[in-house]
Protein chains: 2
Amino acid sequence: MSSTELTLRPFFWRATKLFPEKEVVSRGPDGMTHYTYREFGERARKLAGALSSLGVEPGDRVGTVGWNTHRHYEAYFAIPLMGAQLHTINAVLPDDHVEYIVEDAGDEVLLVDPGEPFETIERLWDRFDGVRELVVMDDEVPDTDLDCVTDYESFVADADPMEWPGLSEEQPAGMCYTSGTTGKPKGVEYTQKMMYSHSMMVATPSALGVDESDVVMHVVPMYHVNSWELPFSAAMAGAKQVYPGPSPDAETLARLIEEEEVTLTAGVPTVWINLLDYLDDHDADISSLERIVVGGSAAPSAVMRRFEDEHDVTIEHAWGMTETMSIGSVSRPKTGMREWDRAERFEKRTKQGLLSPGMEMKLVGDDGEEVPWDGEAAGELYVRGPTVVSEYYNRPEANRGSFEDGWLKTGDIAVVDEDGYLELVDRVKDVIKSGGEWISSIELENALMEHDDVLEAAVIGVPHERWQERPVACIQPKPEASLTGDDVLAFLEESYPRWWLPDNVVFVEEVPKTATGKFDKKRLRDQYGDADLPHTPGGSEKADGERNDGADR
Amino acid sequence: MSSTELTLRPFFWRATKLFPEKEVVSRGPDGMTHYTYREFGERARKLAGALSSLGVEPGDRVGTVGWNTHRHYEAYFAIPLMGAQLHTINAVLPDDHVEYIVEDAGDEVLLVDPGEPFETIERLWDRFDGVRELVVMDDEVPDTDLDCVTDYESFVADADPMEWPGLSEEQPAGMCYTSGTTGKPKGVEYTQKMMYSHSMMVATPSALGVDESDVVMHVVPMYHVNSWELPFSAAMAGAKQVYPGPSPDAETLARLIEEEEVTLTAGVPTVWINLLDYLDDHDADISSLERIVVGGSAAPSAVMRRFEDEHDVTIEHAWGMTETMSIGSVSRPKTGMREWDRAERFEKRTKQGLLSPGMEMKLVGDDGEEVPWDGEAAGELYVRGPTVVSEYYNRPEANRGSFEDGWLKTGDIAVVDEDGYLELVDRVKDVIKSGGEWISSIELENALMEHDDVLEAAVIGVPHERWQERPVACIQPKPEASLTGDDVLAFLEESYPRWWLPDNVVFVEEVPKTATGKFDKKRLRDQYGDADLPHTPGGSEKADGERNDGADR
């Protein structure tokens, strides 16, 4: 029996006591900040002291709306370790979402970055009931009419550093909202124990593997599931950390990698595609970089290959959700696969990979029965584990469809191959159910985006009298490209059976996106869902601005 | 909030579901067993089913007395996952200890290896009140008069494989006894949560770092704090495992490393010194081996150097206790130290190192105040964390001196340097208090054992009228060596102040050992503690078979 609870305190202790000279580096509008874990620790304790003077008590929620900076990182430890709850708020959500999220969480104090985040909060100020105070994460207060605003540096300067209190491991320590394409954002709470467990798991080589010798650059926004919890794992390991500040472009990232000798970083594919393009035309030494963990969506395999061939950097696919505290699986070839040829290895590496330690999964078919792991059969992915939430905050109606007997129903349609590699083939709501079979909209999209003339492609299912649903492809061609629907279908036909081919190919100026940057298929379905489709899959009816191609199933 | 408890189940799931083809290799008296995690999992489920048929229920304790084999490993998961408690019993303890331990724990069933372990249990059978049944971990029952003995293979053969029940993370899952040099052995219990947390921590690169690509050979006996919990971490990671069976000699270990391509192993220094000697005279390819983790006592730095120079193997010092579930710190140079010269790096590497993630420590002096981390000041090491026990089983009187405000008082005297590296300098009960200063008996012993003619050396404190205590060295010279007390003192004088020099040098035929192989200082103190000592430290009085050397402080 142990009397010590699982909390974030020992991670703070380890970073500040065993690695007091290690650096935390942060990029701000006025230049770079370099300081040590020792200074970080002193400032985090003072931040907690200042929040306490403001009346923040254990159990209260403190919201943050900010970029990836050292001040934001101080809040990452200060708020949970004083017994309060760190609520990281997406800084680029629409106003209504921000309003809903802040009110729903009942945030009492907000730490807000200057610029856009501050402007958003200022604009919404009268709509907030519970927020008492704003702290601007800067050394001055922006021009404002609000009278309850302090700047972070003054706020912290004279505060008494807090000695961390003993905490229960069941104390909620974090809170994040997940925004679907429909409906209100849903909040989840992470306890101290969950954050301890997830950070420890992330640090194992079976997940990301974070070591003292790593230099970790956090490109995943700190409001995206706590930057995938890497800031906590990095502190635990005593790794040097780099916070690239607001909207880092490819040049900034390249420079930071070179100057700070970054070894490990993580983010969505777009960031790395931009970096790759930048490196084509510019000299930058990124030889320190060993691994990029990619999640959010899949990195095109061409990008993975180019990083490996041209820069000796390994791209590792990961999968996770807000409900799994981010990282839930990572894809790497197993030992025995090292002898495989490259194409075979890439086939594994482009999947979502092997479930992380501590978790368990199953695939459940339409009939509620488990689906075999044969690389073919698809089912909804169910996961469970100490890092998986068991409920949404304050949303009993959302819980009913999402949790079942201790399992989280992820809403993802997946296949698992004989080697245990997980591959997401679609969202439950996006999969196209055609004549009793499933067509993966994501697989078609990925295939389409491999076409040289396609910039983006979204595939939706539209109602069909005979086949129940049929695919329609919405394509944004590259500028200057001359692409026809026939070209598109011929291209797909090389790899897919005829009944998978879209019944319509629609060319759009831009694929609409949700607030988190995902394809907004709801809008596409609203727009193109009532197209009159042919009676045969792969059929040939025309619509305005559309192109079909006849094909029998 | 998560509804999933921290238990060993997901580790079993990960090994058997994601790595079903990975091998577990085991050496028995009749040869090698090679099988997969899939078969391992099936047999573990059947073992649980068989134990259940025998009436073992959640909360019951099942003892094991055995070597490092696949059958023992099956019990490692089967017993905790059925909700019972795995009580691993040291197979080489004196009869009275075994009797006490089995009775104190209330074991209902014992799994026992044939040979010596079975003979011990058979001999003690009439002294056990609670044990109902013996299962011999073999495919036949040894010749015996006992009628409640089954062999493991028959026991398991027809059993129904168990579906693991849901368990509370607070369910006790493991139990180990720690045997001091005095008094009764003391039991500690590990909950499911503690075993989950420790195995996860051990797998991080900040501790041992266990990856899927590792081949882990378990040389630490499975009755020594569950082989330092590595069997659980290895399953979680999906690593291949090698169990070297009863009493593996250096030749066996060398052969297993070569044949199974072992990358990581762990054990006490003696084992590796023997292996090094063996490799001097025999051809064996141990090139797969990357790391040996050494604990229990310190590996001589000469051994560390030779492994590195001659075999490209890194020896890593680790420290831990039964009360910390084994591994609590590991010594590796930090990133910045890689540029240091080798001697400086070795100075760090021969310490106990950096506390493992999740733990916290402090040094407490005689006056109850914290002692600074300056590489000089010594204090008793206090540790806490989710992998540190908070009490002894059923021993309130032992708890009083060992636990304080949530901290474990380790009984170790330690120094921490400016870089945060922990170094144990003595046991509280062995440190020699001379004239208000502390003399480390361990440091003198290690220094003495660097002498070419010294095989083993123990240093004890004996009562002294003026100085309170003074050191006496008990030395077992190497065979054929001609060593005098003068030689010994002259040797020490090169490195130590005169007041550290022993007042007596006693030559002994053999340094007496405790049941766990540590120097039995109690016996030495009983024997040599009343020697008439000189009145001056480093003084010059003679005793029978002893040799003193005059020196003023």
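A: What follows is a set of answers about a predicted model, taken topic by topic.

Q: Let's start with helix α2 of chain B: what should its 17 residues span, and what do they span here?
A: Taking 1.5 Å a residue, helix α2 (residues 37-53) of chain B should span 24 Å, and because its end C-alpha atoms are 24 Å apart, the two values agree.

Q: Which residues are buried in α2(B)?
A: The buried residues of α2(B) are Y37(B), F40(B), G41(B), R43(B), A44(B), L47(B), A48(B), G49(B), A50(B) and L51(B).

Q: And what follows α2(B)?
A: α2(B) is followed by G55(B), a residue with a positive phi near 95°.

Q: How does helix α3 of chain B do on length?
A: Helix α3 of chain B, residues 70-81, has 12 residues and reaches 17 Å from its first C-alpha to its last, which is close to the 16 Å expected at 1.5 Å a residue.

Q: Is α3(B) enclosed or open?
A: It is largely enclosed by the rest of the structure, because 12 of the 12 residues of α3(B) are buried. After the helix comes G83(B), whose phi is positive and near 95°.

Q: Switching to backbone angles, what is phi for N226(B), and where does that residue lie?
A: Phi of N226(B) is near 50°, a positive value in a residue other than glycine, and N226(B) lies in helix α8 (residues 225-228) of chain B. With a relative accessibility of 0%, N226(B) counts as buried, since the cut-off for that class is under 20%.

Q: What about S247(B)?
A: S247(B) is not a glycine either, yet its phi is positive at about 35°. This serine is found in the loop between β11 (240-243) and α10 (250-260) of chain B, and S247(B) counts as exposed because its relative accessibility is 60%.

Q: On to charges, then: how many salt bridges does a search of the whole structure find?
A: The search finds 74 salt bridges over all chains.

Q: Which residue does R525(A) meet in a salt bridge?
A: The side chain of R525(A) meets that of D430(A), with 3.4 Å from N to O. The pair links distant parts of the chain, 95 residues apart, with R525(A) in helix α17 (residues 521-528) of chain A and D430(A) in the loop between β21 (422-427) and β22 (432-434) of chain A.

Q: Are those two buried or exposed?
A: R525(A) is partly exposed, with a relative accessible area of 27%, whereas D430(A) counts as buried at 9% relative accessibility.

Q: And R470(A), what is its partner?
A: R470(A) forms a salt bridge with D503(A), and the closest N and O atoms are 3.1 Å apart. R470(A) lies in strand β25 (residues 468-477) of chain A and D503(A) in the loop between α16 (485-493) and β26 (504-507) of chain A, so this pair ties together parts that are 33 residues apart in sequence. R470(A) is buried, with a relative accessible area of 0%, and D503(A) counts as buried at 0% relative accessibility.

Q: What does E493(A) pair with?
A: E493(A) forms a salt bridge with R498(A), the closest N and O atoms being 2.9 Å apart. At 31% relative accessibility E493(A) counts as partly exposed, and R498(A) counts as partly exposed at 34%. Salt bridges that share partners also join K348(A), K351(A), D417(A), D419(A) and E423(A) into one network.

Q: Which residues form the negative surface patch?
A: The patch is formed by E258(A), E261(A), D283(A) and D285(A). Of these, E261(A) is found in the loop between α10 (250-260) and β12 (264-267) of chain A, and E261(A) counts as exposed because its relative accessibility is 52%.

Key:
Residues numbered from 1 in each chain as written. Chains lettered and ligands numbered in written order. Predicted model: local features only at pLDDT ≥ 70, side-chain atom pairs only at ≥ 80, totals over all residues. Heavy atoms only, no water. Helix = DSSP H or I, 4+ residues; strand = E, 2+ residues; numbered from the N terminus. Expected span 1.5 Å × (residues − 1). Buried < 20%, exposed > 50% of the residue type's maximum accessible area, 1.4 Å probe, protein only. Patch = residues over 30% accessible without salt bridge, like charges linked within 9 Å, V, L, I, M, F, W, Y side chains within 5 Å. Areas by Shrake-Rupley, 256 points an atom, 1.4 Å probe, with all protein chains shown as cover. Salt bridge = Lys/Arg side-chain N within 4 Å of Asp/Glu carboxyl O. Lys, Arg positive; Asp, Glu negative; His and termini not counted. Charge placed at Lys NZ, Arg CZ, Asp CG, Glu CD.
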